[in-house]
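Okay, everyone, thanks for coming.

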Amino acid sequence: MDYDMLVIGSGPSGRRAAVQSAKLGKSVLVVDRGRRLGGVSVHTGTIPSKTLRETVLNLSGWRERGFYGRGYRVKQDISVGDLIERLHKTLDHEVEVLQHQFMRNTVRSTRADVKFLGPNKVSLTTDTGDYSEVGFAHALIAVGTRPHRPRDVPFDKTRVFDSDEMLELDRLPRTLTVIGGGVIGVEYATIFSALDVPVTLVEPRNSILDFVDREIVDDFIHQMRDRGMTIRLGSAVKEIRSKPDAAEVELADGRTIRSEVVLYAAGRTGNVGSLGLDIVGIDADPRGRIKVDQQTFQTSVANIYAAGDVIGFPSLASTSMEQGRVAACHAFGVPLPPPPETFPYGIYAVPEISTVGQSEEQVRESGAAYEVGVARFRETSRGHIMGVNTGFLKLLFSIETRRLLGAHIVGEGATELIHIGQAVINLGGTVDFFVNNTFNYPTLAEAYKIAGLDAWNRMGRG
């Protein structure tokens, strides 16, 4: 059978492309090799790690420690079972919602391995060996990524784990070393730290989260160290050894870190190995990423698109969804307005980080005159009520136009609060918006007014 749109992978970009194509009246087949729909996002990535984080914050009483002290806990002995129970409930719900969405929109789905036979045909092979061929007018490669697993790292799911395998821990480690200061490494490191597990974070580069405003990252690192985490920046890993009683990480500077468990979270690789991309002439880089036109998401083969983590940065579920929608609309000749100039990044660490627009470093590089407004959450009444001692909002304004250029938050609720900044930036709002508008009181969102006034006091009335 032939389809108008073949979608390979059912994660955020694949799902959105499939539904968008179906809403345009096209025939759609989604093929995924996983046991259940949802892709990496639902089963090992976005949803599990965020569910784990929420469970940890609730059971540990982390959010209440500002009032009751660092020793406060809701549940004294938190087990892996406590964490996994909520995880399974959430995943079951996500899969159910996705299946219902496909059914409502008459999107067909099947489980199989896919291999390109040409620019308009693929083969499907099921677990039981059943083979079939399917034709398509357009295809979207949305196969996602898997953890990068170097050969010299002794992964054994006893002492040394990748980020997918961390969900299979049989008990909480007494000590943990995380290698990799990217988003995934930082999220897991801080989640386990919130469970009072002593954590060491190792990053070969001299900084973490390079795409985030430096002042936000500096505050974040300070908060991590303040609660007892050890952070080794500029420390290359020489060797990882798995021993019966512990894992050892030997650093290039001669130091050795011993811990019960090591999480290796340094990079990810695209799941393109078995697709037969060479048959249709599509190249992937050494990390399995596919190059696309950033406006249309077309690969070097015009009717074959790629979206999501497999095309690289920013590798966010939110941006992947939009990439899938844009690809489907382009495939079927539906014109779209140009995308907004900015979108938010969310890092679900403890505490959260979220950012939209230009960082202070980027504004400086542009040469534009600017002013900064800052509000600390402890300055808000809501912050006092919640017992929030840390966290702040930073706003960057153009002195010439008074427009908001960037908003950056570290602290409780950052990923929710950022959307106010996103709306103001994309609608061309100025510092006067924050000064002249009324915000609910008491809220953390009131920090926008405080930060706006902070900048306005130095900028004047304009």
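I'll talk about a sheet, then a pair of helices, and then one annotated stretch. Just keep in mind that this is a predicted model.

So, the sheet. A quick reminder: strands of a sheet pair through backbone hydrogen bonds, either parallel or antiparallel. Here we have an open sheet of five strands with parallel pairing, and the order is β8-β15-β9-β10-β11. Which strands stand at the edges? Those are β8, residues 160-162, and β11, residues 230-233. Each has a single partner strand, so one side of each has no neighbour in the sheet. On average, neighbouring strands here are turned by 20° against each other, if you ignore direction.

β8 pairs with β15, residues 261-264, in the parallel sense over three bridges, and Val160 sits opposite Val262 in β15. Now find helix α6, residues 183-194: it lies across β9, β10 and β15, and runs at about 165° to β10.

Next, the helix pair. How do α1 and α9 cross? The axes of α1, residues 12-23, and α9, residues 317-331, come within 7 Å and cross at roughly 35°. The crossing is right-handed. Residues that meet there include Pro12 and Arg16 in α1, and Met321 and Arg325 in α9. By class, the contact has six nonpolar, five polar and two charged residues.

Last bit. An unreviewed UniProt entry places a "Pyridine nucleotide-disulphide oxidoreductase dimerisation" domain at residues 344-449. Over that stretch, the chain is 33% helix and 27% strand, with the end C-alpha atoms 20 Å apart. Okay, that's me done!

Key:
Residues numbered from 1 in each chain as written. Predicted model: local features only at pLDDT ≥ 70, side-chain atom pairs only at ≥ 80, totals over all residues. Heavy atoms only, no water. Pairing = 2+ DSSP bridges. Helix = DSSP H or I, 4+ residues; strand = E, 2+ residues; numbered from the N terminus. Axes fitted to C-alpha atoms, helices over the stretch in contact; angles between N-to-C directions. Contact = heavy atoms within 4.5 Å. UniProt positions renumbered as here; feature names shortened; annotations may be inferred. Left-handed = near helix turned anticlockwise from the far one by under 90°. Nonpolar A, V, L, I, M, F, W, Y, C, P; charged D, E, K, R; others polar.
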